[in-house]
Amino acid sequence: MARLRWEWWNKVAEERQWLTLGMIFAEVPFDAYVAALKDLERQFAREARTPGERLHLKRLTAEDALNAAFRMDRPWKDFGPWLRRLKRLGFPNLWSRYHISTIYVQSLHNFPEQARNAFEMLADAKRRVLRRRKDRSSRQQMLDGIEHARREAARYGIQPPAKLKR
């Protein structure tokens, strides 16, 4: 009997989680971590049934690589390509867009020349969050996280540009 898709996605999530935890505790270099993520993506892409599933696997890999670049305090040459890839692939949901925009702004001390782009992305995420119903607790959580990201950037003397494009 064929395995159900939710079981397969659970296996994907579990494998990604074990890989991430193992790499964090082993203090593996960024390049080795990214190579392991790509290997895992290729492994599951062979089992994916639809182009949508393969696309989602690519998004997950890009998100994990960006999180690792943030966690390891990597320069733009490691952070930027993964951010561009994720933007090109599209964000799967508002939480993902919010999360990536906040870590982008919090990483600006490593590449301050990207401040305008980072704050534009954060402003876009904030506009989208503000469209959520006010009774949703996640709305306030995200707004608080956005303000935290701004404070972190300000701690390094990085302020949003006076006028952001709309």
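**Reading buried rings and a helix face**

User: In this predicted model, is Phe79 buried or exposed, and why?

Analyst: A residue counts as buried when its relative accessible area is under 20%. Phe79 has a relative accessibility of 0%, and therefore counts as buried.

User: How are the rings of Trp76 and Tyr104 arranged, and why is the pair described that way?

Analyst: Ring planes under 30 degrees apart count as stacked. The centres of the Trp76 and Tyr104 rings are 5.9 Å apart and their planes lie at 25 degrees, so this pair is stacked. The pair links distant parts of the chain, since Trp76 belongs to helix 4 and Tyr104 to helix 5 (residues 94-106), 28 residues apart. Tyr104 is itself buried, with a relative accessible area of 0%, and ring pairs join Trp76, Phe79, Tyr104 and Phe111 into a cluster.

User: Which residues of helix 2 are buried, and where do they lie around the helix?

Analyst: The buried residues of helix 2 are Phe30, Tyr33, Val34, Ala36, Leu37, Leu40, Glu41 and Phe44. Viewed down the axis of helix 2, these buried residues fall within an arc of 160 degrees, so they line one face of the helix. On the other side of helix 2, Asp31 and Arg46 are exposed.

User: What do the buried residues of helix 2 pack against?

Analyst: They pack against helix 1 (5-26), helix 3 (51-71) and helix 4 (76-89).

User: Where does the charged end of Arg71 sit?

Analyst: The charged end of Arg71 sits over the ring of Tyr33, 5.7 Å from the centre of that ring, and Tyr33 is one of the buried residues of helix 2.

Definitions and conventions:
Residues are numbered from 1 along each chain as its sequence is written. This is a predicted model: local features need pLDDT of at least 70, side-chain atom pairs count only at pLDDT 80 or more; totals for chains, interfaces and linings use all residues. Side-chain values use heavy atoms; hydrogens and water are left out. Buried means under 20% relative accessible area, exposed over 50%, partly exposed in between (1.4 Å probe, protein chains only). Helices (H or I, at least four residues) and strands (E, at least two) are DSSP runs, numbered from the N terminus. The arc is that of the directions from the helix axis to the C-beta atoms. Contact means heavy atoms within 4.5 Å. Rings of Phe, Tyr and Trp (its six-membered ring) pair if their centres lie within 6.5 Å; planes under 30 degrees apart count as stacked, over 60 as edge-to-face and the rest as tilted. A charge sits over a ring if NZ of Lys or CZ of Arg is within 6 Å of the ring centre and within 35 degrees of the ring normal.
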